[in-house]
Amino acid sequence: MPYVSVQNLTIEFPLYHLGARSLKKRILARSPLRLRQDASNRVVVSALRELDFRIGPGERVALIGGNGAGKTTLLRTLAGIYQPVSGRLEVQGLIGALIDPAAGMDQESTGRENIILRGLFRGLDEATSESMAEEIGAFSGLGEFLDVPVRSYSAGMQVRLSFAIATVMEPEVLLMDEWFLAGDADFRQRAREKLERLVEHADILVLASHDMGVVREWCTRAIRLEAGRIVADGPVEAVLAA
Ligand SMILES: Nc1ncnc2c1ncn2[C@@H]1O[C@H](COP(=O)(O)OP(=O)(O)OP(=O)(O)O)[C@@H](O)[C@H]1O
């Protein structure tokens with residue numbers, strides 16, 4: 001059964017190019033909340049600090065919190081994009097990440113080639129991957145751009161393609177940033193039904209959002225982050241009321 005297990009998870013980003021020692025000193029002298037000096041004397045940003053939680057099958061979890069709270073960093077960590085500095089992370093199940101539209105795409109290949117590669121990666125044979133490319137191509141509305149290298153896509157086109165790929169991949173653990181729910185009205189309307197099916201099919205949804213309407217509509221549990229720490233975790237209404 002799919003699950004997400006996080007124990008004592010800490011993520012830090014070293015800040016290179018700070019240059020002069022006096023600048024480092026000035027930054028650290030402000031006794032900042034999130035910046036500290038590590039064992040190698042580098043200034044690091046503490047993005048996530050000692051997180052502990054477990055998500056089981058059937059849970060729809062919202063990550064909420066103000067700007068810089070750590071929502072996107074947590075999503076990217078769950079997706080395997082960032083390595084924890086310490087702690088343990090286990091994700092069981094096929095992951096679908098709708099976080100950064102360009103992530104996992106080969107920019108030099110066409111949209112169609114990217115779809116076929118994903119299909120092969122998922123273990124489908126060539127013929128099935130190719131027919132999947134037709135299906136995705138039609139749904140994404142990319143038209144003639146399906147056979148053009150992804151590097152020439154607009155941001156909106158990349159979102160359409162990654163969303164369409166995710167719907168066909170049918171992930172068990174769906175990680176999503178709320179702006180994937182945005183997009184132009186026409187696409188949103190067509191995507192809505194697919195998204196509902198995608199979320200329904202996924203055993204676990206983790207959605208980062210600022211929009212409490214979206215959180216209430218899509219999620220059953222909320223984790224509130226503040227300055228990289230969990231300050232509340234429970235049923236959506238209880239966490240929003242706290
Ligand atoms: N690549 C990076 N290098 C250095 N610091 C980073 C990096 N990515 C994130 N951070 C820092 O980690 C912290 C958490 O950022 P994150 O983007 O996860 O927040 P967020 O909750 O998603 O914010 P927002 O709602 O504004 O998108 C912030 O202090 C940010 O400055």
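1. Helices (H or I, at least four residues) and strands (E, at least two) are DSSP runs, numbered from the N terminus. The model is a predicted one: local features need pLDDT of at least 70, side-chain atom pairs count only at pLDDT 80 or more, and totals for chains, interfaces and linings use all residues. Residue numbers start from 1 along each chain as its sequence is written.

2. Overall build. The chain has eight helices and 10 strands. Its radius of gyration (taken over C-alpha atoms) is 20 Å, close to the 18 Å of the globule rule for 242 residues, so the chain is as compact as a globular protein of that length. That rule is 2.2 Å times the number of residues to the power 0.38. Along the principal axes, the C-alpha atoms fill a box of roughly 60 × 45 × 35 Å.

3. Of the 242 residues, 37% count as buried. Buried means 20 or more other C-beta atoms within 10 Å of a residue's own; exposed means 12 or fewer; partly exposed lies in between; C-beta atoms are placed from the backbone. Two residues are in contact if these C-beta atoms lie within 7 Å. Take the contacts between residues at least 6 apart in sequence: 73% join residues at least 24 apart.

4. The core. A nonpolar core is a set of buried Ala, Val, Leu, Ile, Met, Phe, Trp, Tyr and Cys residues joined through C-beta atoms within 7 Å. The largest one holds 62 residues, and A62, L63, L75, L175 and V206 touch the most other members. Helix α5 (residues 155-169) gives the most, with nine residues. Leaving aside neighbours within four places in sequence, L175 has contacts that include L75, I95, L98, I99 and V206.

5. The ligand. Its shell is F13, R34, V45, A47, G65, N67, G68, A69, G70, K71, T72 and T73. Each has its C-beta atom, placed from the backbone, within 6 Å of the ligand. β3 (43-55) and α2 (71-78) each supply at least two shell residues. α2 gives the most, with three. By class, four are nonpolar, six polar and two charged. Here Ala, Val, Leu, Ile, Met, Phe, Trp, Tyr, Cys and Pro count as nonpolar, Asp, Glu, Lys and Arg as charged, and the others, Gly among them, as polar.

6. Backbone points to check. Most residues other than glycine have a negative phi. E50, in strand β3, has a positive phi of about 50°. E50 counts as partly exposed because it has 14 C-beta neighbours inside 10 Å. A227, in the loop between β9 (221-226) and β10 (229-235), has a positive phi of about 45°. A227 is also partly exposed, with 16 such neighbours inside 10 Å.
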